[in-house]
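Please read them alongside the coordinates.

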Amino acid sequence: MENETVPFRTHAVKPLECYSRGWLLIKDQYWLFLLINLVGMFIGSAVPLGILMGPMMCGIYFCLFTKADGKAVSFDLLFKGFSYFVESLLATLMMIVPMLILVIPLFIAFIVYLSLAAHAVASRNSPGPLFASMIGGEFLMVAVLILFSSIIGLFFVFAYPLIVDRGLKAWPAVKMSFRGAWHNLGGMIVLILLNLLLGFAGMLFCYVGVFFVGPVLIAALFSAYRQVFGESKGLEAPA
């Protein structure tokens with residue numbers, strides 16, 4: 001299984017079509033998928049280092065694959081993701097490590113910047129510039145973090161559905177995800193940017209809106225996966 005590869009299409013991702021197909025997939029059970037997403041994300045974020053995020057993402061994708069196969073979807077299918085616990089955890093850790101490598105130096109640089117700014121302002125006895133520097137520096141750090149995490153996440157985006165759909169181990173799934181995303185880079189960049197914009201728009205509505213667009217965003221990524229890797233013969237969760 002370690003050497004297993006999956007055929008994929010190149011230049012196949014059509015972002016607007018991803019949203020159209022994703023919405024058509026979930027619209028008749030939108031509220032169920034909203035609940036699945038909310039619970040999945042809550043459980044996934046409840047434990048540090050994404051230990052439960054992988055299984056929850058696999059569970060969400062399992063529900064989407066079940067729906068796409070024309071089978072009945074129920075809330076309990078979310079927990080089928082734990083059938084892929086080890087491989088999804090390993091894939092998550094492979095994604096987190098490069099993020100930490102980028103984030104830790106950035107955080108240290110930010111702290112040093114604030115210290116130098118505080119020292120400079122203290123010598124002038126003027127708090128206004130320090131406050132402005134803190135706000136500007138924090139905004140810049142958040143923007144860079146979002147950019148870096150989006151770039152890294154782009155190449156891992158197909159790892160979870162490959163684990164669920166094709167039964168790949170973590171490393172082959174990550175490699176195939178990278179290859180599939182790289183050979184569809186233009187469409188995937190547009191899709192990820194649109195997801196970020198829609199998520200940001202949702203946050204403007206007292207942050208609550210982001211939860212309501214969440215199922216559509218993941219369904220769009222699912223549709224992108226199908227455009228790149230095609231349909232399989234159906235799936236069954238491992239025992």
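1. Tyr160 is buried, with a relative accessible area of 8%, where buried means under 20% relative accessible area, exposed over 50% and partly exposed in between, using a 1.4 Å probe and protein chains only. The model is predicted, so local features need pLDDT of at least 70 and side-chain atom pairs count only at pLDDT 80 or more, while totals for chains, interfaces and linings use all residues. Residues are numbered from 1 along each chain as its sequence is written, and side-chain values use heavy atoms, with hydrogens and water left out.

2. Tyr160 lies in helix H6 (residues 159-166), helices being DSSP runs of H or I with at least four residues, numbered from the N terminus. Leaving aside neighbours within four places in sequence, Tyr160 is in contact (heavy atoms within 4.5 Å) with Gly54, Met57, Cys58, Tyr61, Ser88, Ala91, Thr92 and Met95. Thr92 is 68 residues from Tyr160 in sequence, yet their C-alpha atoms are 8.9 Å apart.

3. Of the 16 residues of H3, 15 are buried, so this helix is largely enclosed by the rest of the structure. Gly70, which follows H3, has a positive phi, near 80°.

Key:
Helix = DSSP H or I, 4+ residues; strand = E, 2+ residues; numbered from the N terminus.
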